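Dear colleague,

Here is the structure I promised to pass on, with my notes on its salt bridges and one of its helices below. Please read them with the model open beside you.

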Amino acid sequence: MPPAIRFDVLTLFPGIFEGFLSESVLKGALATQKIEIRLHNMRDWAEDKHATMDDRPFGGGPGMLLKVDRVVPAVEAIRYQQEPAGRLLMFTPQGHCFGQAFAEELAAEQRIVMLCGRYEGFDERVAEILKPEEVSIGDYILNGGEVAAMAVIETVMRLIPGVLGDENSHRFDSFSTGNRILDCAHYTRPREYRGFSVPEILLSGNHAEIAKWREENSLQRTKEKRPDLLEPVFSDPTLR
Ligand code: 6GU
């Protein structure tokens with residue numbers, strides 16, 4: 001079977017992904033070809049390999065911008081070297097905030113092309129020309145889009161059938177569609193540690209009672225830790 005999904009990542013720092021791709025679940029998913037990930041050093045796609053990728057902003061100000069005449073040809077070359085061109089995501093703190101619903105949508109795609117920025121960002125014309133989907137992973141500033149790309153890859157690949165050991169395990173994840181509630185508490189041996197005990201009901205073998213306890217525990221934890229999740233979803237239009 002061909003990989004269910006292919007990620008193409010454009011970055012100036014492909015080395016950042018090395019450990020990420022060579023451990024644990026991702027390593028297995030790549031080895032068994034459930035998914036495919038290609039890293040592209042954007043510099044290699046500039047006509048001249050030594051080309052500068054960044055430049056100072058017109059009008060002054062701090063930092064450097066990724067050049068439109070370097071980034072656009074690189075993205076086009078990668079997108080159109082193979083069908084389908086795929087969804088194009090551009091990582092920027094100005095993007096829509098990434099969430100489980102968007103991950104579920106992406107998991108149904110064949111190909112996702114991801115553009116990682118560095119420095120102060122992209123020349124605005126990159127977005128004007130390529131019309132990417134702009135994605136952020138939260139309201140804080142990273143040095144670049146690479147960590148965001150890893151977050152998206154990891155979230156999406158877990159949803160691909162066959163990637164996780166247990167086919168259904170992600171269906172019960174917090175935040176999956178229609179499930180804006182936190183997971184319940186879990187315990188394993190020993191039954192008692194430093195005077196802290198496992199809730200008696202979990203040792204009872206009564207599966208109906210255990211299910212009820214877990215449901216109540218989920219709701220109680222959500223009220224305590226993330227009451228915002230229990231509010232109507234339309235309260236935050238930027239969440240996807
Ligand atoms: Cl996608 N990029 C950068 N530079 N910072 C971020 C981000 C992305 N998402 C949250 N912070």
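R111 and D8 are both buried, and their side chains meet in a salt bridge with an N to O distance of 2.8 Å. Because R111 belongs to strand β6 and D8 to strand β1, this pair ties together parts that lie 103 residues apart in sequence. Please keep in mind that the model is predicted, and that the distances given here are computed from it.

A search of the whole structure finds 10 salt bridges, among them one between the side chains of E105 and R87, at 2.6 Å from N to O. That pair also links distant parts of the chain, since E105 sits in helix α5 and R87 in strand β5, 18 residues apart. E105 is partly exposed, with a relative accessible area of 35%, whereas R87, at 15% relative accessibility, counts as buried. Both residues take part in a network of salt bridges that links R87, E105, E109 and E133.

Another of the salt bridges joins D123 to R125, with the closest N and O atoms 2.7 Å apart; here D123 counts as buried at 17% relative accessibility, while R125 is partly exposed at 40%.

As for helix α5, which spans residues 100-107, its buried residues are Q100, F102, A103 and L106. Seen down the helix axis, these residues fall within an arc of 155 degrees, so they line one face of α5. They pack against strands β1, β5, β6 and β8 and against helix α7 (146-157).

Methods: Residues are numbered from 1 along each chain as its sequence is written. This is a predicted model: local features need pLDDT of at least 70, side-chain atom pairs count only at pLDDT 80 or more; totals for chains, interfaces and linings use all residues. Side-chain values use heavy atoms; hydrogens and water are left out. Buried means under 20% relative accessible area, exposed over 50%, partly exposed in between (1.4 Å probe, protein chains only). Helices (H or I, at least four residues) and strands (E, at least two) are DSSP runs, numbered from the N terminus. The arc is that of the directions from the helix axis to the C-beta atoms. Contact means heavy atoms within 4.5 Å. A salt bridge is a side-chain nitrogen of Lys or Arg within 4 Å of a carboxyl oxygen of Asp or Glu.
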